[in-house]
Every structure is written in C-alpha cells, then in structure tokens.
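Here is a short briefing on helix faces, salt bridges and nonpolar cores. Keep the sequence and the model open as you read.

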Amino acid sequence: LHKASDLFLNFGFKSVTMDDIASKMGISKKTIYSHFPTKLDLVRATAFYVFERINTGICSICASNENPIQEIFSIKSLVMKQLKGEKASPQFQLEKYYPRIFKSLRDKQFGSIHDCISGNLQRGIDEGYYRPEIDKTVITMFYVNGLMSIQDGKNFKVDINDIPKLKEAFLEYHIRAIASEKGIKTLNNILEK
C-alpha cells in the first residue's frame with residue numbers, strides 16, 4: 001500500500017499499472033493479485049490507506065497541544081507533505097475513473113475536516129485566539145466547503161502548481177476573519193517565519 005500510494009500520488013490512479021507497481025517493488029504481478037484481486041481493490045485500499053495515514057497524523061498534531069493557529073498550519077503542512085504537494089491529477093483521475101471510491105473517500109474527508117475545524121475553533125475561542133462571538137457552526141461550514149472547493153478545482157481555475165499558494169491564502173483569510181488581537185499577533189508571527 002505504501003509503494004502503491006507513492007506511485008498513485010505521483011503519477012495518478014489511472015496512469016499507474018499493476019506492472020508498474022510490481023516492477024517498483026521487485027515482485028511479480030501475481031503476488032500483488034494474491035492480496036488485491038483487482039486494480040480496483042488496490043485503488044480502494046490505497047486511497048483509504050492514505051486517508052488513514054493523514055488522519056493519524058492530524059490526531060497526533062491535535063494531541064500535541066500547539067496553539068490553535070499553529071495547529072491548523074501544522075495540519076496543512078502535514079497534508080501537503082503526505083499528498084506530495086497535492087498534485088491535482090491523482091484526485092481528478094480518482095474522481096473520473098473511480099467515482100464510487102472518490103465519493104466514499106470525499107464523505108470521510110468531509111467528516112474528518114469538519115470535526116478537526118470544529119474542535120480547533122472551540123479551543124481557539126477557549127484560549128483567546130479566536131473571537132468569542134463567532135458562530136462555530138457557520139465558520140466550520142465556510143471553511144470545510146471552501147477548502148473542498150479549492151481541492152475540487154472546479155470553482156478555482158488555477159494552475160496545478162498554484163493550488164498550494166491558494167490554500168495558504170485561504171488559510172490566512174480564514175484565520176484573519178475569526179482571530180482576536182492575540183490570534184492576529186500569533187498569525188503574523190507564523191507568517192513572518
């Protein structure tokens with residue numbers, strides 16, 4: 001799963017063949033098929049393997065008790081690293097050629113991001129980084145839907161290489177909209193670094 005995820009994220013789910021994976025691993029294709037009867041099974045397992053790996057990393061970051069603003073930047077960095085800079089091709093290929101897997105994965109991502117942001121907002125309010133009067137439910141939905149929209153690439157016509165910059169701008173926009181004076185100082189310190 002690790003090697004398959006590397007290949008799929010670098011070259012796309014449709015582009016990588018079972019022969020490519022077998023060759024990179026130095027094993028026979030028959031060995032892969034003994035564990036995954038079809039490429040569809042391998043794609044499904046790999047997509048959810050990557051999701052779980054990211055989710056575990058996010059839980060680890062949340063448990064480290066960074067301030068809420070640093071936490072959200074750390075999560076963004078983790079996701080970018082795990083998804084190899086979030087190249088759009090694998091996601092578009094997954095959506096186009098494996099739509100059921102894509103939808104199922106998307107639903108899990110939505111729930112995970114929703115829970116993460118909701119918890120981050122509450123902690124930010126409790127610790128004075130975010131303004132206490134913000135509507136957590138509305139802000140969570142704004143953030144989750146905005147982020148998913150950027151990832152879809154349908155509403156933002158940008159070059160694939162500009163997606164990380166767009167996500168960085170979106171994150172700064174999000175924090176500035178909800179931050180207290182203490183939060184703005186923290187954000188500015190992070191951005192200076």
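The buried residues of helix 10 are Gly-183, Thr-186, Leu-187 and Ile-190. They sit on the same side of the helix, because they cover an arc of only 100 degrees around its axis. This is a predicted model: local features need pLDDT of at least 70, side-chain atom pairs count only at pLDDT 80 or more, and totals for chains, interfaces and linings use all residues. Residues are numbered from 1 along each chain as its sequence is written, and side-chain values use heavy atoms, with hydrogens and water left out.

**Terms for the helices**

- Helices are DSSP runs of H or I with at least four residues, numbered from the N terminus.
- Buried means under 20% relative accessible area, exposed means over 50%, and partly exposed lies in between (1.4 Å probe, protein chains only).
- An arc is taken from the directions that run from the helix axis to the C-beta atoms.
- The expected span of a helix is 1.5 Å times one less than its number of residues.

**Helix 10**

- Helix 10 covers residues 181-192. Its 12 residues should span 16 Å at 1.5 Å a residue, and its end C-alpha atoms are 17 Å apart, which agrees.
- Glu-181, Lys-185 and Glu-192 are exposed on the other side of helix 10.
- The cover over the buried residues of helix 10 includes helix 5 (68-82) and helix 9 (163-178). Contact here means heavy atoms within 4.5 Å.

**Helix 9**

- Helix 9 has 16 residues. From first C-alpha to last it reaches 23 Å, close to the 22 Å expected at 1.5 Å a residue.
- Its buried residues are Ile-163, Lys-167, Phe-170, Leu-171, His-174, Ile-175 and Ile-178. Seen down the axis of helix 9, they fall within an arc of 130 degrees, so they line one face of the helix.
- Lys-165 and Tyr-173 are exposed on the face of helix 9 turned away from its buried side.
- Glu-172 and Arg-176 form a salt bridge, with the closest N and O atoms 2.9 Å apart. The two residues are 4 apart in helix 9, about one helical turn.
- Glu-172 is partly exposed at 26% relative accessible area. Arg-176 is partly exposed at 36%.

**Other salt bridges**

- A salt bridge is a side-chain nitrogen of Lys or Arg within 4 Å of a carboxyl oxygen of Asp or Glu. The whole structure holds 10 salt bridges.
- One of them joins the side chains of Glu-52 and Lys-108 (3.7 Å, N to O). This pair links distant parts of the chain: Glu-52 is in helix 4 and Lys-108 is in helix 7 (residues 99-126), 56 residues apart.
- Glu-52 is partly exposed, with a relative accessible area of 37%. Lys-108 is also partly exposed, with 36%.
- Lys-103 and Asp-107 meet through their side chains in a salt bridge (3.0 Å, N to O). Both lie in helix 7, 4 residues apart, about one turn of the helix.
- Lys-103 counts as exposed at 51% relative accessibility. Asp-107 is partly exposed, with a relative accessible area of 46%.
- A network of salt bridges links Glu-71, Arg-123 and Glu-127.

**Nonpolar cores**

- A nonpolar core is a set of buried Ala, Val, Leu, Ile, Met, Phe, Trp, Tyr and Cys residues joined through side-chain atoms within 4.5 Å.
- The largest nonpolar core has 24 residues. Phe-73, Tyr-130 and Ile-175 touch the most other members.
- Helix 5, helix 7, helix 8 (136-152), helix 9 and helix 10 each give two or more residues to this core. Helix 8 gives the most, with 6 residues.
- Apart from this core lies another, of 20 residues, among them Ala-22, Phe-48, Tyr-98 and Phe-102.
- Which residues does Tyr-130 contact, leaving aside its neighbours within four places in sequence? They are Pro-68, Ile-69, Asn-120, Leu-121, Gly-124, Ile-125, Ile-175, Ile-178, Ala-179 and Ser-180.

**Tyr-49**

- Tyr-49 lies in helix 4 (residues 39-63). Its relative accessible area of 26% makes Tyr-49 partly exposed.
- Beyond its neighbours within four places in sequence, Tyr-49 is in contact with Leu-1, His-2 and Ser-5.
- Tyr-49 and Ser-5 are 44 residues apart in sequence. In space they are 8.1 Å apart, C-alpha to C-alpha.
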